Amino acid sequence: MSGVWVFKNGVFRLVENPQAEASSDGRHGSIRKKVLVHLPTSQVVSSYSFLEQILTGLGWERYYGGDPDLYQFHKMSSIDLISLPKDFSKFNSIHMYDIVIKNPNIFHVRDM
């Protein structure tokens, strides 16, 4: 059971997809697309080749021992692993925030 508890009109209820709920009731219109920004250059990460170039410069290495449907990166100095879908069109805000948390002050997620 996952989702968000919402209090409305004196009643708590579990909303399993709060973004869809918000856009269906007209409060937020459409869901905003997010982009990953490399802060030192202010460039939007628009491909895995660009992202890999940045991550390599930060000490991350490609990890080939995992799921073949994922691009994975690890750092020798930590236990962190970044896992991304091979298809860049499936790269979403969850993956972006994972990168931001593991690389503080290098990346930022913004609305498009």
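Which residue in S4 is the bridge partner of His-38?

Mentor: The bridge partner of His-38 in S4 is Gln-43. Before we go on, a word on the model: it is predicted, so local features need pLDDT of at least 70 and side-chain atom pairs count only at pLDDT 80 or more, while totals for chains, interfaces and linings use all residues. Residues are numbered from 1 along each chain as its sequence is written, and side-chain values use heavy atoms, with hydrogens and water left out.

Strands here are DSSP runs of E with at least two residues, and helices are runs of H or I with at least four, numbered from the N terminus. Two strands pair if DSSP finds at least two bridges between them. Strand S3 (residues 34-38) and S4 run antiparallel and are joined by 2 bridges. They belong to an open sheet of 3 strands, in the order S4-S3-S8, with antiparallel pairing. At its edges are strand S4 (43-44) and strand S8 (107-111), each of which pairs on one side only.

Now let us see what packs on this sheet. Helix H2 (residues 48-57) touches S3, S4 and S8, where contact means heavy atoms within 4.5 Å. The direction of H2 makes about 150° with that of S8; axes are lines fitted to C-alpha atoms, for helices over the stretch in contact, and angles run from 0 to 180 degrees between N-to-C directions. Helix H3 (residues 93-102) lies across S3 and S8, running at about 25° to S3.

Let us zoom in on H3, which holds Tyr-97. Leaving out residues up to four places away in sequence, Tyr-97 touches Lys-34 and Val-109. Tyr-97 and Val-109 are 12 residues apart in sequence, with 6.9 Å between their C-alpha atoms. Tyr-97 counts as partly exposed because its relative accessibility is 41%; buried means under 20% relative accessible area, exposed over 50%, and partly exposed in between, with a 1.4 Å probe and protein chains only.

Finally, follow the chain into the loop between H3 and S8, where Asn-103 lies. With 3% relative accessibility, Asn-103 counts as buried. The side chain of Asn-103 makes a polar contact with the side chain of Trp-60 at 2.8 Å. Such a contact is a pair of N or O atoms within 3.5 Å; within protein, one must be able to donate a hydrogen and the other to accept it, and residues adjacent in sequence count only if both atoms are side-chain atoms.
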